[in-house]
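Here is a short briefing on one protein chain. Please look over the sequence and the model before reading the points below.

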Amino acid sequence: MTILITGTSRGIGAALAEHYRADGRRVIGTARTEAPEGGTVLDVTDPASVAALARFLDGAPLDLL
């Protein structure tokens, strides 16, 4: 199962990423300013950033967003 979680640099997003990784899931995390391990930078208010996420995913299917 591949999961994309926004805001994994802290708080709820970080806790969810940790939980799913501990459960053996593949987690792709995003953060606004610095790419988390195994993830990428994403500012959802910036169309160029959203396009960069699409390129990063390169067509990989997501099971959970």
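Leaving aside neighbours within four places in sequence, serine 49 is in contact with Val41, Leu42 and Asp43 (contact means heavy atoms within 4.5 Å). Serine 49 itself lies in helix α2; helices (H or I, at least four residues) and strands (E, at least two) are DSSP runs, numbered from the N terminus. This is a predicted model, in which local features need pLDDT of at least 70 and side-chain atom pairs count only at pLDDT 80 or more, while totals for chains, interfaces and linings use all residues. Residues are numbered from 1 along each chain as its sequence is written, and side-chain values use heavy atoms, with hydrogens and water left out.

**Serine 49 and aspartate 43**

- Serine 49 counts as buried because its relative accessibility is 9%; buried means under 20% relative accessible area, exposed over 50%, and partly exposed in between (1.4 Å probe, protein chains only).
- The serine 49 side chain reaches the backbone nitrogen of aspartate 43 at 2.8 Å.
- That distance falls under the term polar contact, a pair of N or O atoms within 3.5 Å; within protein, one must be able to donate a hydrogen and the other to accept it, and residues adjacent in sequence count only if both atoms are side-chain atoms.
- Aspartate 43 sits in the loop between β3 and α2 and, at 27% relative accessibility, counts as partly exposed.
- Not counting residues up to four places away in sequence, aspartate 43 touches Ser49 and Val50.
- The side chains of aspartate 43 and threonine 45 are joined by a polar contact of 2.6 Å.

**Helix α2**

- Helix α2 covers residues 47–57, and its buried residues are Ser49, Leu53 and Leu57.
- Seen down the α2 axis, these buried residues fall within an arc of 80 degrees, so they line one face of the helix; the arc is that of the directions from the helix axis to the C-beta atoms.
- Pro47 and Arg55, on the other side of α2, are exposed.
- The buried residues of α2 pack against β1 (2–5), β2 (26–31) and β3 (40–41).
- At the start of α2, a side-chain oxygen of aspartate 46 comes to within 3.1 Å of the backbone nitrogen of alanine 48.
- Just after α2, aspartate 58 has a positive phi of about 50 degrees.

**The sheet**

- Three strands form an open sheet in the order β1-β2-β3, with parallel pairing; two strands pair if DSSP finds at least two bridges between them.
- β1 and β3 are the edge strands, each pairing on one side only.
- Four bridges link β1 and β2 in the parallel sense.
- Leucine 4 has isoleucine 28 in β2 as its bridge partner, and isoleucine 5 stands opposite glycine 29 in β2.
- From β1, Thr2 and Leu4 point one way and Ile3 and Ile5 the other way, and all are buried.

- Glycine 29 is in strand β2 and counts as buried because its relative accessibility is 0%.
- Not counting residues up to four places away in sequence, glycine 29 touches Ile5, Thr8, Arg21, Pro36, Gly38, Gly39 and Thr40.
- Glycine 29 and valine 50 are 21 residues apart along the chain, and their C-alpha atoms are separated by 14 Å.
- Threonine 30 is also found in strand β2, where it is buried with a relative accessible area of 1%.
- Among the residues that threonine 30 touches, not counting those up to four places away in sequence, are Leu4, Ile5, Leu42 and Leu53.

**Helix α1**

- Helix α1 (residues 11–22) lies across β1 and β2 and runs at about 170 degrees to β1; axes are lines fitted to C-alpha atoms, for helices over the stretch in contact, and angles run from 0 to 180 degrees between N-to-C directions.
- The twelve residues of α1 should span 16 Å at 1.5 Å a residue, and the end C-alpha atoms are 17 Å apart, which agrees; the expected span is 1.5 Å times one less than the number of residues in the helix.
- Glycine 24, which follows α1, has a positive phi near 90 degrees.
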